[in-house]
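Subject: Structure for your review

Dear colleague,

Please find the structure below, together with its sequence.

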There are 2 protein chains.
Amino acid sequence: MINGQFYAPEGKPAPVVEPGEFVFSVIGLDHGHIVGMCNGLTEAGAVLKSVYDPDPAKVDAFCKAYPHVKRAANEEELLSDPETLLIAGAAVTSERCALGLRVMAAGKDYFTDKAPLTTLEQLAAAKEAVKQAGKKYMVYYSERIHAETAVFAGQLIEQGAIGKVIQVLGLGPHRLSAETRPEWFFQKEQYGGILCDIGSHQIEQILFYTGAKDATVTHSQIGNFNHPEFPELDDFGDASLLTDTGAAGYFRVDWFTPDGLQTWGDGRSFILGTEGFIEQRKYMNLGTPGGEGHLFLANGKEETHYNVSGKVGFPFFGQLILDCLNRTENAMTQEHAFKAAELCVKAQLQAEVIAP
Amino acid sequence: MINGQFYAPEGKPAPVVEPGEFVFSVIGLDHGHIVGMCNGLTEAGAVLKSVYDPDPAKVDAFCKAYPHVKRAANEEELLSDPETLLIAGAAVTSERCALGLRVMAAGKDYFTDKAPLTTLEQLAAAKEAVKQAGKKYMVYYSERIHAETAVFAGQLIEQGAIGKVIQVLGLGPHRLSAETRPEWFFQKEQYGGILCDIGSHQIEQILFYTGAKDATVTHSQIGNFNHPEFPELDDFGDASLLTDTGAAGYFRVDWFTPDGLQTWGDGRSFILGTEGFIEQRKYMNLGTPGGEGHLFLANGKEETHYNVSGKVGFPFFGQLILDCLNRTENAMTQEHAFKAAELCVKAQLQAEVIAP
């Protein structure tokens, strides 16, 4: 049974640098997203040098996927490696910030799985460290940067295909597969709550597609509707946002993907504009075989089903590499990465508990 | 260009009474929904006898659709007709209650287009009149009762196909076609605001699919994002509800269906349950020809695309006829019809204005 923790998109190699020009290493293998992060970077020309995690079993599994990677004896070996320019990590969510602080203090850029942090105190520390070190704390908001429909949607909006964006509405259902999840996944202090965890993808998309720099969480709620055996698991959450562009945002996230579904989640994104709308069916086209990458565009001229699988690619990773080398912000601004993090923590903090 | 005001589903004749056993007449032709209402009733065996509207042009158009209908000289002629058991009407929204009060005072049941009323004062008067007269004030919530996917979804939920309902999420986009709309359509006092008007369909569905008797509107907002020429038009609205079953509800309604779309609106309904989910694509399957009636079911056993067009029918109308004859409440309870009306007025009243 496919579940999202092992979903790691692969794209076509599109190197932006020569071999050896951009070397990164990995610390923290607590979430399977690290594979997608490494795929994205290596396809863009980065060289994966070394890996460290305190759990040798996790390192074993990782080294199977990346046979040429070097096993480091400890974290310090990587942090002090002059060749390594960036550390990618998928630690336990609540420990991602602390790792980032160590990485940046060692003079390296940091690329973490989402959510990048779980508290506003961590956010303040991360912001301060970025300022002090002049380094990057970038985030793998995979449901936008590692989904081709999501990239294409951004291009269409930029081209004016749907006019001005009025609302972004996201559905982020996920398969639980509880038996495959580590203990920390069910501890709220560690995973951060559903709106912080898988909600972070959604909030990042609301900011991105509306072109907003800020937003207010106008309503949010969480619940545990059907998993009394995991009392700290939010199995449902939703939230409404109002962005500083005047556009609205709404999203629902949940852990109720049923076993009959062809993949781990029927992730959708509906973007309503003044001149048309876009629907993304990111990972599957419900009720239809044919894989991922379905985008639908309707506007004054057309109603079109695009299958963009393998056609759009994932420009984020090459841009990130060049951003690190050139100290630019083309992949994602630091402000945007932190704003999404802030809003998902706030959405979680102010959420009303509606179940049980 | 198709727009929803002229959308009038036709089903297979499925009479529940002998010819002449149930006679109804029509007062109020301000909205094209009256055609769908009459189709539903006549297909179920009702006989349409007479029609009255102060505007002879509207009566002309109606008589083209129903050549055997008799033109009444005035409303009183219909209200005093002993043969007419029910009056169907699609008056200006703000006048629907007043018409209903006259109809029930004349000892007849009333079947009005949605929204059935626009203020809480009207609701109180309608409730009192129902109690006094012992008559029905039924409502044409067409996006559930006159959409085969919506009927089928209810049957699937009743059969337990998705377990207990956690959330109902509806998208109700509509094509504006401003040039075809009457003046009252743009006057808020008359159409009631978007959450009251097309939002009423959505709130009725949230109550119905969750099996709720009551709900709280926890958040609602409206806006006019792109129609400054109609300052009282809400072209966007959304709302969150929490029902007394513990389930959540969210809906978005808007007037932004673009001209390239194959029909007047890509109406959707996503119903999330503990054991699976349902998606309705009621009027079209985006990006695909093939008409209306698409329902998708995913649960522990299956992921299935059902095309139910012409297969499920519209049992509401036959049930309503029998309810009127037998004084039962199988089509819809009076309490349910009024509760949906109450909540859509409340959603509108408490809505924050987010644009312009």
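At what angle do helix H5 (residues 120–133) of chain B and H11(B) pack, and how far apart are their axes? The angle is about 170 degrees, and the axes lie 10 Å apart. H5(B) is therefore roughly antiparallel to H11(B).

Before I continue, some conventions are needed. This is a predicted model, in which local features need pLDDT of at least 70 and side-chain atom pairs count only at pLDDT 80 or more, while totals for chains, interfaces and linings use all residues. Residues are numbered from 1 along each chain as its sequence is written, chains are lettered from A and ligands numbered from 1 in the order in which they are written, and side-chain values use heavy atoms, with hydrogens and water left out.

Helices (H or I, at least four residues) and strands (E, at least two) are DSSP runs, numbered from the N terminus. Axes are lines fitted to C-alpha atoms, for helices over the stretch in contact, and angles run from 0 to 180 degrees between N-to-C directions. Angles under 35 degrees count as roughly parallel, over 145 as roughly antiparallel, 65 to 115 as roughly perpendicular and the rest as oblique.

Helix packing in chain B

Where H5(B) meets H11(B), the residues on the H5(B) side are Leu120(B), Leu123(B), Ala126(B), Lys127(B) and Val130(B). On the H11(B) side they are Gln334(B), Phe338(B), Glu342(B), Val345(B), Lys346(B) and Leu349(B). Contact here means heavy atoms within 4.5 Å. By class, this contact has seven nonpolar, one polar and three charged residues. In this scheme Ala, Val, Leu, Ile, Met, Phe, Trp, Tyr, Cys and Pro count as nonpolar, Asp, Glu, Lys and Arg as charged, and the others, Gly among them, as polar.

A second pair in chain B consists of helix H1 (residues 33–43) and helix H10 (residues 315–326), which pack at an angle of about 70 degrees with their axes 8 Å apart. H1(B) is therefore roughly perpendicular to H10(B). Met37(B), Gly40(B) and Leu41(B) of H1(B) touch Phe317(B), Leu320(B) and Ile321(B) of H10(B). The contact of H1(B) with H10(B) has five nonpolar, one polar and no charged residues.

Single residues in chain B

Gln348(B) belongs to helix H11 (residues 334–349) of chain B. Gln348(B) counts as buried because its relative accessibility is 11%. Buried means under 20% relative accessible area, exposed over 50%, and partly exposed in between (1.4 Å probe, protein chains only). The side chain of Gln348(B) reaches the backbone nitrogen of Ile194(B) at 3.3 Å. Leaving aside neighbours within four places in sequence, the contacts of Gln348(B) include Lys188(B), Gly192(B), Leu195(B) and Asp234(B).

Most residues other than glycine have a negative phi, and most peptide bonds are trans. Ser177(B) has a positive phi, near 45 degrees, and lies in the loop between strand S7 (165–173) and helix H8 (188–191) of chain B. Ser177(B) is buried, with a relative accessible area of 10%. Arg327(B) also has a positive phi, near 55 degrees, and sits in the loop between H10 and H11 of chain B. With a relative accessible area of 37%, Arg327(B) is partly exposed.

Chain A

Two peptide bonds in chain A deserve a look. A cis peptide bond joins Lys114(A) and Ala115(A), with omega about -20 degrees; Ala115(A) is in the loop between strand S5 (109–113) and helix H5 (120–133) of chain A. Another cis peptide bond links Ala355(A) to Pro356(A), with omega about 0 degrees, and Pro356(A) lies in the segment after strand S15 (352–355) of chain A.

Helix H1 (residues 33–43) of chain A is mostly covered, with nine of its eleven residues buried; among them are His33(A), Met37(A) and Leu41(A). Just after H1(A), Gly45(A) takes a positive phi of about 105 degrees. Helix H7 (residues 148–158) of chain A is mostly covered, with nine of its eleven residues buried, including Glu148(A), Phe152(A) and Ile157(A). Gly160(A), which follows H7(A), has a positive phi near 85 degrees.

Yours sincerely

Methods: A polar contact is a pair of N or O atoms within 3.5 Å; within protein, one must be able to donate a hydrogen and the other to accept it, and residues adjacent in sequence count only if both atoms are side-chain atoms.
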